[in-house]
Amino acid sequence: MLNGRPRVARFLGVRAFRRIAILSTSFIFLIVAASLRQPIDAAPGPQTESARNRLSQSPQSQTKGGERERRQANDKNERQAAATGPALRLEDLEQMALQNNPTAAQAEAAIRAAEGRRVQAGLMPNPIIGYAGEELSPRAFGQKSEHYIFAEQEVPLGSKLKKSRNIFAQEKAQAQADAAAQRQRILNAVRMLYYEALGAQQLVEVRGELAKLANEAVGVTGELFNTGAADRPDMLEIQVEARRARLDLVMAENERDQVWQQIATVAGDPFLKPARLVGDLEEDLPALKQEQLLATLLRESPEVIHAQAGIERARASLARAKAEPTPNLFLRGGMGYSTELLETTDPRLFGRKTGPEVFAEVGVRIPLFNRNQGAIAAASAELDFAGREARRVELMLRARTAAAFRTYQNALSVATEYQKQIIPRARQAYELYLTSFKQMAAAYPQVLISQRTFFRVRAEYIRALVDVWQNATQLQGFMLTGALDAPGGASSGMGGTGEAGATSSQEDQH
């Protein structure tokens, strides 16, 4: 008789063998369901016959079937989400952020301000038109007074207006580079938050699967405990697992909600509600090359373009400072009427008033003492500073690229290792323990541990995929961050400074 019993029954006895058989029948459907990557609403019910049919398949067929069922369940879940509400794509969030984020409008306003200063710097000084009266004597007003209407104009020489326009044209180029940088910052922030939210969405699904399986196990274990088929330690252990699973689900949901709050702020819509995101973290993982990234970065980065425009602006400021000693032409002329007697030797005009008169004045300011030496020296120093600033930006970008690319490579290696080695091995270990438990050659705690490990590595794999996409986004987005920071020069660039203020003061003096 003993030779006909299973190997476990030979050591455990008839009573223990019956208890294991009852427990195995109750828990098989729960254990098998965890091995299949299904959404929450696709978890299997308590049909023992269905669980037995799945157990009869080989591990290889279970793996292929689980992958196929997972894809089918994801398609079903997406259809259900589309039926209950609109799903959001990455492009939708990008468009929303570019339209509503206030920093994008600030950057555009800075461009318009720079264009206004460029136009203002190239305008001619306004003429002066006035009245002048001389020898206005109250006792003989009609005999000695002289009355004139005059016009006065200053004509800048040395191409000063053109050189002033060139300064603010380069300032406009810097504002355009700042606007491009701010636009990229917004896109980078939206994309990184999108991938984080997509990962949080999948983590909620994974945690939901485990929580549902644990809840069902608690119910089955309670029924077995009431009938005497399960011990109290078994019931307490599965209750602990169920509570841990619920806590993990709550934390995953809180993390998802927090990410959506950040998306709402970057998108400029604080009332944006969480929605299901369309996307697949495993599809088309980015494969980047450091040399190509660095070449593109040093050629197209808005920070590099801003620094190069700074060099041109400093060069234009130096040219304007050197043109300042060139004197401006001063013109003044007018006409009037004099009531004084005409002084002449012609007897025919003797006793007549002078009558209509005209006058003209032409002058220049001689650069005798002030040849703008200090401003020229300052502009030369600013040009040297701008050139070294461009070099500093290049070196900084090289260093940041090296660090960011190393982080990207590490994340990609981790995700690849999980995808090709860790996830398949964890699934295989779980399936082997499941098969051994079916054959009464392994205990249920071993299956429970392997199930917990399988879900944990799935969660770690999702986080690794999020890291890959976020690091790739930073590298491809010129490593620009700060979607809600004021764009460069937005605060200081809105007021008139520099040459525009100097032009106004010169007009007032004349």
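Predicted model: local features only at pLDDT ≥ 70, side-chain atom pairs only at ≥ 80, totals over all residues.

Me: Thanks. Which residue forms a salt bridge with K172?
Reply: That is E115, with the closest N and O atoms 3.0 Å apart. A salt bridge here is a side-chain nitrogen of Lys or Arg within 4 Å of a carboxyl oxygen of Asp or Glu. E115 sits in helix 5 (residues 102-121) and K172 in helix 7 (residues 160-226), so the bridge ties together parts that are 57 residues apart in sequence. Helices (H or I, at least four residues) and strands (E, at least two) are DSSP runs, numbered from the N terminus. E115 is partly exposed too, at 24% relative accessibility.

Me: Why would two side chains like that pair up?
Reply: In general, side chains of opposite charge can pair when their charged atoms come close. Here there is also a network: salt bridges link E115, R118 and K172.

Me: How many salt bridges does the structure hold?
Reply: It holds 23 of them. Another one joins R332 and E152, whose closest N and O atoms are 3.4 Å apart. R332 lies in strand 3 (residues 329-341) and E152 in strand 2 (residues 146-155), so this pair connects parts 180 residues apart in sequence.

Me: And are R332 and E152 buried or exposed?
Reply: Both are buried. D384 is partly exposed at 43%, while R388 is exposed at 58%. They are 4 residues apart in helix 11 (residues 373-438), so about one helical turn separates them.

Me: Okay, new topic. Which residues touch the most other members in the largest nonpolar core?
Reply: Those are I263, L277, L281 and L475, in a core of 71 residues. Such a core is a set of buried Ala, Val, Leu, Ile, Met, Phe, Trp, Tyr and Cys residues joined through side-chain atoms within 4.5 Å. Several helices supply at least two residues each, including helix 4 (90-100), helix 8 (232-266) and helix 12 (444-476). Helix 7 gives the largest share, 16 residues.

Me: What is L281 in contact with?
Reply: Leaving aside neighbours within four places in sequence, L281 meets Y195, L198, G199, Q202, I462, L465, V466 and W469. Contact means heavy atoms within 4.5 Å.

Me: You mentioned helix 4. Which of its residues are buried?
Reply: L90, L93, E94, M96 and A97 are. They cover an arc of only 165° around the axis, so they lie on the same side of helix 4; the arc is taken from the directions from the helix axis to the C-beta atoms. The buried residues of helix 4 pack against helix 7 and helix 8.

Me: What about the surface: which residues make a nonpolar patch there?
Reply: I129, Y131, L136 and I149 make one of about 460 Å². Patch residues have over 30% relative accessible area and no salt bridge; like charges are joined within 9 Å, and nonpolar side chains (Val, Leu, Ile, Met, Phe, Trp, Tyr) within 5 Å. Accessible areas come from the Shrake-Rupley method with a 1.4 Å probe, and for residues only the protein chains shown count as cover. I149 lies in strand 2 and is exposed, at 54% relative accessibility.

Me: Last one: how many helices and strands are there?
Reply: There are 13 helices and 4 strands. Of the 510 residues, 40% count as buried. The protein exposes about 28,200 Å², and carbon and sulfur atoms supply 54% of that area.

Terms used:
Residues numbered from 1 in each chain as written. Heavy atoms only, no water. Buried < 20%, exposed > 50% of the residue type's maximum accessible area, 1.4 Å probe, protein only.
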